[in-house]
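This briefing concerns a single protein chain. Please view the sequence and the model together before reading the points below.

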Amino acid sequence: LSTKRSDSLAMMPNKKNKKTTLCLVIALILTCLCLLCVVILFVGLGITTFLLWPRIPNAEIVNVEQQQFTLQVVPTPQINLYFTFDVLLNNSNYFDININDVDLHLYYQGARLGNITQQNDTYAITNLPKRTENLTIPMEGIVI
């Protein structure tokens, strides 16, 4: 009989065990909340980085028209071709971009023909507003 009684007394919870269990549950809940806050912070940082990371605007050349050409023999043989075209830009960034210079390399069948540059150090050639599609860059005063 005494053995059974001591076992039944050991099974009865006392106040100290209840306090310890309650503290452990609270500590577990707080740990889970802290981990959840850290996960939310990292996800928020990831989304912010994705949205604000600068992307190079996509460029497309359209409306290409040959205006004239000249043939030069002396001192070295060369052909000068004069074209007009529009450069369309698509800015997928969530912020405006100021373009100060444009450097366009021309290739034909893998061979480099030349390049066109437009630059201005004092002010922007053009401003691309955020989330813009199809903005034309003026290429007046180009140097070939």
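The points that follow cover the fold, the strand pairing, the surface and the cysteines.

The model is predicted: local features need pLDDT of at least 70 and side-chain atom pairs count only at pLDDT 80 or more, whereas totals for chains, interfaces and linings use all residues. Residues are numbered from 1 along each chain as its sequence is written, and side-chain values use heavy atoms, with hydrogens and water left out.

**Fold**
- The chain contains two helices and seven strands, where helices (H or I, at least four residues) and strands (E, at least two) are DSSP runs numbered from the N terminus.
- Along the sequence these elements follow the order α-α-β-β-β-β-β-β-β.
- Among contacts (heavy atoms within 4.5 Å) with a separation of 6 or more, 54% involve residues 24 or more positions apart.

**Strand pairing**
- Strands count as paired if DSSP finds at least two bridges between them.
- Strand 1 (residues 58-72) runs antiparallel to strand 2 (residues 78-91), and 12 bridges join them.
- These two strands form a hairpin with five residues between them, and Asn58 stands opposite Asn90 in strand 2.
- Strand 4 (residues 101-108) pairs with strand 5 (residues 111-119) in the antiparallel sense over eight bridges, with Asp103 opposite Thr117 in strand 5.
- The hairpin of strand 4 and strand 5 has two residues between the strands, and Gln109 in its turn has a positive phi of about 50°.

**Surface**
- The accessible surface of the chain is about 12,100 Å², with 63% belonging to carbon and sulfur atoms; areas come from the Shrake-Rupley method with a 1.4 Å probe, and for residues only the protein chains shown count as cover.
- Ile61, Val64, Phe69, Leu71, Val73, Val74, Ile79, Leu81 and Phe83 make a nonpolar surface patch of about 920 Å².
- Such a patch joins nonpolar side chains (Val, Leu, Ile, Met, Phe, Trp, Tyr) within 5 Å, from residues with over 30% relative accessible area and no salt bridge (a side-chain nitrogen of Lys or Arg within 4 Å of a carboxyl oxygen of Asp or Glu).

**Cysteines**
- The whole structure has zero disulfides (pairs of cysteine sulfur atoms within 2.5 Å).
- The sulfur of Cys34 has its closest cysteine sulfur in Cys37, 6.4 Å away, which is too far for a bond.
- Cys37 is exposed, at 52% relative accessible area.

Conventions. Buried < 20%, exposed > 50% of the residue type's maximum accessible area, 1.4 Å probe, protein only. Patch = residues over 30% accessible without salt bridge, like charges linked within 9 Å, V, L, I, M, F, W, Y side chains within 5 Å.
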